[in-house]
Amino acid sequence: MGESVQAEVMMSFLVSEELSFRIPVELRYATRDPYAVRLTFHLPGDAPVTWAFGRELLVDGVGRPCGDGDVRIAPVDPEPLAEVLIRLQVGSDQALFRSSAAPLVAFLDRTDKLVPLGQEGALADFDTHLDEALDRILAEEQSAG
């Protein structure tokens, strides 16, 4: 199944300029999907929500604004490694989270020790796992459709 790295980070869920609350967010990285990180948000009163996106996007977003799709990550201040904003969007709905950069950097450092950035393709069975994951996703879409 492969090796993995996990961490839990407390983030602020920014509902509006006046309202925010802290929630636990589980960060996961696994060698079976070496290009992605998964963040599971545990919102009060709702089922946990998991987002998967490129590890490199998180690495870059800690230091500079990046992302042009459903996931955008940017430092809050020009001061390096202070706080990071993570914006997730589906259609017109969006959620904004603020996190200290330090635990994200520590998590990313652990992922880099497991699979150095840029070496993801060297994992011999990645293509097999990718094919299995794509088959599973297609089967889920067909059964839901």
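A word on the model itself: it is predicted, so local features need pLDDT of at least 70 and side-chain atom pairs count only at pLDDT 80 or more, whereas totals for chains, interfaces and linings use all residues. Residues are numbered from 1 along each chain as its sequence is written, and side-chain values use heavy atoms, with hydrogens and water left out.

## Fold and dimensions

Let's walk along the chain. There are 3 helices and 7 strands, and from the N terminus they follow the order β-β-β-β-α-β-β-β-α-α. The radius of gyration is 16 Å, close to the 15 Å that the globule rule gives for 145 residues, so the protein chain is as compact as a globular protein of that length. The radius is taken over C-alpha atoms, and the rule is 2.2 Å times the number of residues to the power 0.38. Helices (H or I, at least four residues) and strands (E, at least two) are DSSP runs, numbered from the N terminus.

Along its principal axes, the C-alpha trace spans about 45 × 40 × 25 Å. The accessible surface comes to about 8800 Å², with 51% belonging to carbon and sulfur atoms; these areas come from the Shrake-Rupley method with a 1.4 Å probe, and for residues only the protein chains shown count as cover.

Of the 145 residues, 31% count as buried (buried means under 20% relative accessible area, exposed over 50%, partly exposed in between, with a 1.4 Å probe and protein chains only). In soluble globular proteins, nonpolar side chains tend to be buried together. Here the largest nonpolar core has 30 residues, and those with the most contacts inside it are Met11, Leu39, Phe41, Phe53, Ile73, Ile86 and Phe97. Such a core is a set of buried Ala, Val, Leu, Ile, Met, Phe, Trp, Tyr and Cys residues joined through side-chain atoms within 4.5 Å.

Not counting residues up to four places away in sequence, Phe53 touches Tyr35, Ala36, Val37, Leu39, Leu58, Val71 and Ile73, where contact means heavy atoms within 4.5 Å. Across the protein chain, residues 24 or more positions apart account for 35% of the contacts with a separation of 6 or more.

Ser12 sits in strand β1 (residues 4–14) and counts as buried at 13% relative accessibility. Beyond four places in sequence, Ser12 touches Phe21, Arg22, Leu96, Phe97 and Arg98.

Ala30 belongs to strand β2 (residues 20–30) and is buried too, at 11% relative accessibility. Leaving out residues up to four places away, Ala30 touches Glu3 and Ser4.

## A loop proline and a helix aspartate

Pro44 lies in the loop between β3 (36–41) and β4 (49–54). Pro44 is exposed, with a relative accessible area of 54%, and touches Phe21 and Ile23, not counting residues up to four places away in sequence.

Asp112 is in helix α2 (residues 101–114) and is partly exposed at 34% relative accessibility. Apart from neighbours within four places in sequence, Asp112 contacts Arg55 and Leu117. The C-alpha atoms of Asp112 and Met11, 101 residues apart along the chain, are separated by 22 Å.
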